[in-house]
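Look at the structure shown below before reading on. The report then goes through it part by part.

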Amino acid sequence: MLLQIDGICKKYGRKNVLNGVHVSAAEGECVGVIGKNGCGKSTLLSIIAGVCARDGGSVLLDGKEPKNSIGYVPQGIPLIPELSAWDNLRMWYSRDELLRSLECGVCQKLGINDFIKLPVYKMSGGMKKRLSICCSMANDPQLMLMDEATAALDIPCKRVIFDYLTECKKQGKIILLTTHSVEELDFCDRIYVLKDGIAREYPYNGDISELAEHL
Amino acid sequence: MKYLIAQIKRVVRYLPFALLISVLFTVVLGLFAVRFVGASVDADDKQMVRIGIVGDTSTTFLGFGIELIREADSSNMMLRLEEMSESEAISLLDSGKITAYIKVPDGFIEGVSHGDVMQLEYVTTDVSGGITSVFKEEILSAVSNMLVHSQKGIYAMQQLARANSVAYGKNTDELVLRYFNLILKRPSVLSLDVRGVSDGVDFVTYLMCGLFVLCVSLFGIPYCNLYVSGDKSIRRLAASRGVSVCKQTVAEFASYLCAMIFTLFAIMLIIGTIGICDLRYAMALFASCIPALFVVAALQFFGFSVSDNLANAVIIQFFGAIVLSYVCGCIYPIAFFPKAVQTVGGVLPLSIARESVISAVCGDLGALEISAPIVYSAILVSAAVAVNYRKTLSDK
């Protein structure tokens, strides 16, 4: 399986946010996209997820449009605060699917059972993020798009999420994530730097200061 | 569908709090309405001009004349003639309870009949002008005309009697006056229908309908916390899962509309149960006000869409409700505004809502009064979709 993103362009008003972005990712690979604030990372993920239209280019997963194969975790907390974890999950899972997931799927792996009945507004940041990931992965997608997935989380929570992502990689899923986090960079197999609307692959060797000069 | 169910679940959990705030708004506005309407009715009463009639009004002639003057006040709202003794008249005049009194000297009618120059005395405390001065002139003119023309009529009848050798005396005079009375009391061949400034309903009903719309417009405030959020991530997630921004917005509006319908139902139930009005009437009124509720809810929902944060949302809801209610004639009859304001205000959503409510109260809710609010709601919800779409896709 191969993800091929070719020539993605996006304009907001007069501003060219993306000027022909080329990114590729193979089966079982985790690819990171890094760049300054406002450079278009979230826009790129939104376009791949089908949330907003692109002005040009193509997104192909195994040569086809990835319509129902995407799990998108947007930046922020994509949950309804007044509802419980169960009710939030029920928006995206059928009852049987959810019970299965709680038993042995993504919900079980991310520990959602511990707070399944808790309303979102009472949850910690880590709980909310784990729940967000569960909501986004309801359809067991082949392509996972994560926009700053572990931002502002504590180490144990990050560990749980990274363990889950490692397992996803072993299952052959493709992970594309945007990040400002060193741990996430270390987790990635390859890095792209997004600058002036163009993505360039960067051979990251762990040296943050060198990477910073390229941003 | 799942998204809609989630929105409804969310609203159900929030409903008790929102309902409590809405009831508080209703109580406050209700008290204001009672006080305001009461003051208006009192003011109307105070505008009534009361004039005393002092003297012997037992003669048919004078009694007929007083009735003629009463009939001259076609609205029967501004002028009231009351027979009383002189001491009573002086006392009432001093206390301001009557504007003036007319003193009929003894033997006035007989004297006038015999050609004596006698005068009616008009006693008032108002010398500076104003409406009572106008009425003074009107009354005096009416009295003079009444005397002169009825005397002419009597003389004519006397001449006719003499010409036909018919006996004519005092009793015959009385018969003639009764005849004049009958003629002058005959219903007019034209019926006058005065359409007031209140869309065909009385002022109190108009005001109550307008305040009802204002009250419902304020019900959006407690829901700001629920429907206004700066976080677009849930919208993005839903869009990536095939629930477009349009579907999301419509689902949210549907849940909000359900909440508003329930809120109004609960309040009308309370009003009917505690006896402010009959329960069956309250429920019937609730049902017929649903079209109006559509457009008010849609307007509030559009307000939620354009707001970015809670403070902003509350301000928009509150001031939007007050200002629009005023311009749309919900607080003061729209007919009193300049033509330009009437034209603009007449097409705004709360005007449509007000007219629908008035039709509901009058029991003539037609197809137009039902469909116009719903069509307007669709336009507002479409605008909300456009705003939400833009917000969801923005890079900020």
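What follows describes a predicted model, chain by chain and then where the chains meet.

## Chain A as a whole

Chain A contains 8 helices and 9 strands. Its C-alpha trace spans about 45 × 35 × 35 Å along the principal axes. A compact globule of 215 residues would have a radius of gyration near 17 Å, and chain A agrees with this because its own value is 17 Å.

Buried residues account for 46% of the 215 residues in chain A. Contacts in chain A between residues at least 6 apart in sequence can be sorted by separation, and 71% of them join residues at least 24 apart.

## Strand E7 of chain A

Strand E7 of chain A covers residues 174–178. How many of its residues are buried? The count is 5 of the 5, so strand E7(A) is largely enclosed by the rest of the structure. In a regular strand the side chains alternate between the two faces of the sheet. On one side of E7(A) are Ile174(A), Leu176(A) and Thr178(A), and on the other are Ile175(A) and Leu177(A); all are buried, and both faces are covered.

E7(A) is paired with two strands, E3(A) and E6(A). Strand E3 of chain A (residues 30–34) runs parallel to E7(A) and is joined to it by 4 bridges. Strand E6 of chain A (residues 143–147) also runs parallel to E7(A), with 5 bridges between them. Leu177(A) takes part in both pairings: it is the bridge partner of Gly32(A), and it stands opposite Met146(A).

## Two residues with positive phi

Most residues other than glycine have a negative phi, and most peptide bonds are trans. Glu148(A) is not a glycine, yet it has a positive phi of about 55°. Asp196(A) is likewise not a glycine and has a positive phi of about 55°.

Where do these residues lie? Glu148(A) is in the loop between E6 and helix H6 (155–170) of chain A. Asp196(A) is in the loop between strand E8 (190–195) and strand E9 (198–202) of chain A. Glu148(A) counts as buried because it has 20 C-beta neighbours inside 10 Å. Asp196(A) has 11 such neighbours inside 10 Å and therefore counts as exposed.

## Chain B as a whole

The secondary structure of chain B consists of 16 helices and 4 strands. Of its 396 residues, 34% count as buried. Among contacts in chain B between residues at least 6 apart in sequence, 74% join residues at least 24 apart.

Strand E1 of chain B (residues 49–55) has 5 buried residues out of 7, so it is largely enclosed by the rest of the structure. E1(B) runs parallel to strand E3 of chain B (residues 100–104), and 5 bridges join the two. Gly52(B) stands opposite Tyr101(B) in E3(B).

Helix H16 of chain B (residues 367–393) has 27 residues. From its first C-alpha to its last, H16(B) reaches 39 Å, close to the 39 Å expected at 1.5 Å a residue. The buried residues of H16(B) include Glu369(B), Pro373(B), Tyr376(B), Leu380(B) and Asn388(B). What do the buried residues of H16(B) pack against? They pack against helix H9 (233–240), H10, helix H12 (290–306) and helix H15 (349–362) of chain B.

## An exposed loop residue in chain B

Asp278(B) is in the loop between helix H10 (245–274) and helix H11 (279–288) of chain B. Asp278(B) has 12 other C-beta atoms within 10 Å, so it is exposed. The C-alpha atoms of Asp278(B) and Leu211(B) are separated by 19 Å, and the two residues are 67 apart along the chain.

## Nonpolar cores

The largest nonpolar core has 133 residues, and those with the most contacts inside it are Cys134(A), Leu145(A), Val213(B) and Leu293(B). H12(B) gives the most to this core, with 12 residues. Not counting residues up to four places away in sequence, Leu293(B) touches Val216(B), Met260(B), Ile261(B) and Leu264(B).

## Where the chains meet

The contact takes 25 residues from chain A and 17 residues from chain B. On the side of chain A that touches chain B, the elements giving two or more residues are helix H1 (41–49), strand E5 (70–73), helix H2 (85–90) and helix H5 (125–136) of chain A. H1(A) gives the most to this side, with 3 residues. The residues of this side of chain A divide into 16 nonpolar, 6 polar and 3 charged.

Key:
Residues are numbered from 1 along each chain as its sequence is written. Chains are lettered from A and ligands numbered from 1 in the order in which they are written. This is a predicted model: local features need pLDDT of at least 70, side-chain atom pairs count only at pLDDT 80 or more; totals for chains, interfaces and linings use all residues. Two residues are in contact if their C-beta atoms, placed from the backbone, lie within 7 Å. Ala, Val, Leu, Ile, Met, Phe, Trp, Tyr, Cys and Pro count as nonpolar, Asp, Glu, Lys and Arg as charged, and the others, Gly among them, as polar. The radius of gyration is taken over C-alpha atoms; the globule rule is 2.2 Å times the number of residues to the power 0.38. Two strands pair if DSSP finds at least two bridges between them. The expected span of a helix is 1.5 Å times one less than its number of residues. A nonpolar core is a set of buried Ala, Val, Leu, Ile, Met, Phe, Trp, Tyr and Cys residues joined through C-beta atoms within 7 Å.
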